[in-house]
Amino acid sequence: MTETPAPATTPSAYSGPDRVLSGVQPSGALHLGNYLGALTKFVRLQDEVECFFCVVDLHAITVWQDPALLTAQTREIAAAYLAAGVDPKKAAIFPQSAVRAHAELAWIFNCVARLGWLDRMTQFKEKSGKNKERSSVGLYTYPVLQAADILVYKATRVPVGEDQKQHLELTRDIAAKFNNDFAAPGFFPLTEPLIDGPGARVMSLRDGAAKMSKSDPSDNSRINLMDDADTIAQKIRKARTDPEPLPEDLETLKGRAEADNLVGIYAALAGITKAEVLAQYGGQGFGSFKPALADLAVAVMGPIGERMRRLMGDPAEIDRILADGAERARIVADPVVEETKRLVGFWPGR
Ligand code: AMP
Ligand code: TRP
């Protein structure tokens, strides 16, 4: 085999440590999509690499959040991280707003990112809908803050669901432009998104064409992390399907969005591939597949809901974990902001 020659310019001259960052908004109850798309990956990564998992409250307020609820929602996301198996001794868990460096770097990045880049962001278009004029400026510049969350730790990898792909591309564009504009090659890494596996895009249980989402008005469209066993089983029983039995091969599954989604959920929950699920259930109807899926979902999700409820009964313990995480996060983030400010040419005193 002939060796491929190294490219003349490597895509990233970054040579710092491998680090992982991700975040979830405290803007409502978490669901199976968040769990499979994000939280399960957090748990896997914490044994491999230095990890930072924040609760992105600055992002949450880009749409209205009741101040009387926001703190509780922040603790709830922290409880979800912990209940899913994130170990605060391994990974830093903290509220984004507790680490000032995020907002500070975001301002600098607002001056690096171009309007044309943000104009292409599909999430802004979805969230602002027909009401663009009345959306907050924060909602528009949301992906710039996300880039700051990531790059303030010089994170090299970011585990997220597929809906975040475009924001991760923007993060790379911002890093590359900053490094180039300020003649600092390799200062920020070109972060890799970690979007793989059957859980990267979990669809609604009521509509195979729509993403499972917190904001769907139908609670039957999603399985919430805090649903009890009966509710989980009932939602799966009621999930929309077609009348055909499951196929034997992936190709035939493709045109059947609802069936594909349930097979994907099974695969992600069991930690196997969709092909392996079909090898086991191909030829069987939903009358036998749905109860098997319900049993699996209850076995995996039930204990997480219970742990969450227990953790939320002890907010002081959650606050202790968040404060400790914030302190550890600041130790990494503050010097990065200081270096960035120096590169920009800000007055170096204090
Ligand atoms: P959010 O709740 O929007 O802050 O999302 C938190 C994390 O969950 C992000 O990594 C999302 O990409 C991921 N996520 C949200 N919805 C889904 C879904 N339906 N399927 C897979 N991942 C998702
Ligand atoms: N935008 C992400 C979402 O809605 C949340 C988020 C904010 C995030 N900052 C991040 C995810 C940094 C990964 C890394 O799901």
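**Ligand, cavity and a helix residue**

Mentor: Happy to. In this predicted model, a nitrogen atom of ligand 2 sits 2.7 Å from an N or O atom in the side chain of aspartate 149.

Trainee: What about glutamine 164, how far is its polar side-chain atom from a nitrogen atom of ligand 2?

Mentor: That distance is 3.0 Å. Glutamine 25 also takes part: an N or O atom of its side chain is 3.3 Å from an oxygen atom of ligand 2.

Trainee: And how many residues surround ligand 2 altogether?

Mentor: There are 13, and the closest are Gln25, Tyr142, Gln146, Asp149 and Gln164.

Trainee: Switching topic, how many cavities of 30 Å³ or more does the structure hold?

Mentor: One. The largest cavity has about 50 Å³ of space.

Trainee: Which residues line the largest cavity?

Mentor: Gln123, Phe124, Lys127, Leu139, Tyr142, Pro143 and His167. Helices α6 (122-128) and α7 (137-151) are the elements that each give two or more residues to that lining. By type, the lining has four nonpolar residues, two polar and one charged.

Trainee: Nice. One more: is asparagine 261 buried or exposed?

Mentor: Asparagine 261 counts as buried because its relative accessible area is 7%, and the cut-off is under 20%.

Trainee: Where is asparagine 261 found, and what is it in contact with?

Mentor: Asparagine 261 belongs to helix α11 (residues 257-270). Leaving aside neighbours within four places in sequence, asparagine 261 contacts Arg201, Val202, Met203, Ser204 and Leu205.

How values were computed
Residues are numbered from 1 along each chain as its sequence is written. Chains are lettered from A and ligands numbered from 1 in the order in which they are written. This is a predicted model: local features need pLDDT of at least 70, side-chain atom pairs count only at pLDDT 80 or more; totals for chains, interfaces and linings use all residues. Side-chain values use heavy atoms; hydrogens and water are left out. On a 1 Å grid over the protein atoms alone, a cavity is a set of points where a 1.4 Å probe fits but cannot get out, and a pocket is an open set with protein on both sides within 12 Å along at least five of seven lines; lining residues have an atom within 4 Å of a point. Grid points are joined across faces, edges and corners, and a volume is the space filled by probe spheres set on the points. Helices (H or I, at least four residues) and strands (E, at least two) are DSSP runs, numbered from the N terminus. Ala, Val, Leu, Ile, Met, Phe, Trp, Tyr, Cys and Pro count as nonpolar, Asp, Glu, Lys and Arg as charged, and the others, Gly among them, as polar. Buried means under 20% relative accessible area, exposed over 50%, partly exposed in between (1.4 Å probe, protein chains only). Contact means heavy atoms within 4.5 Å. A residue is near a molecule or strand if one of its heavy atoms lies within 4 Å of it. A polar contact is a pair of N or O atoms within 3.5 Å; within protein, one must be able to donate a hydrogen and the other to accept it, and residues adjacent in sequence count only if both atoms are side-chain atoms.
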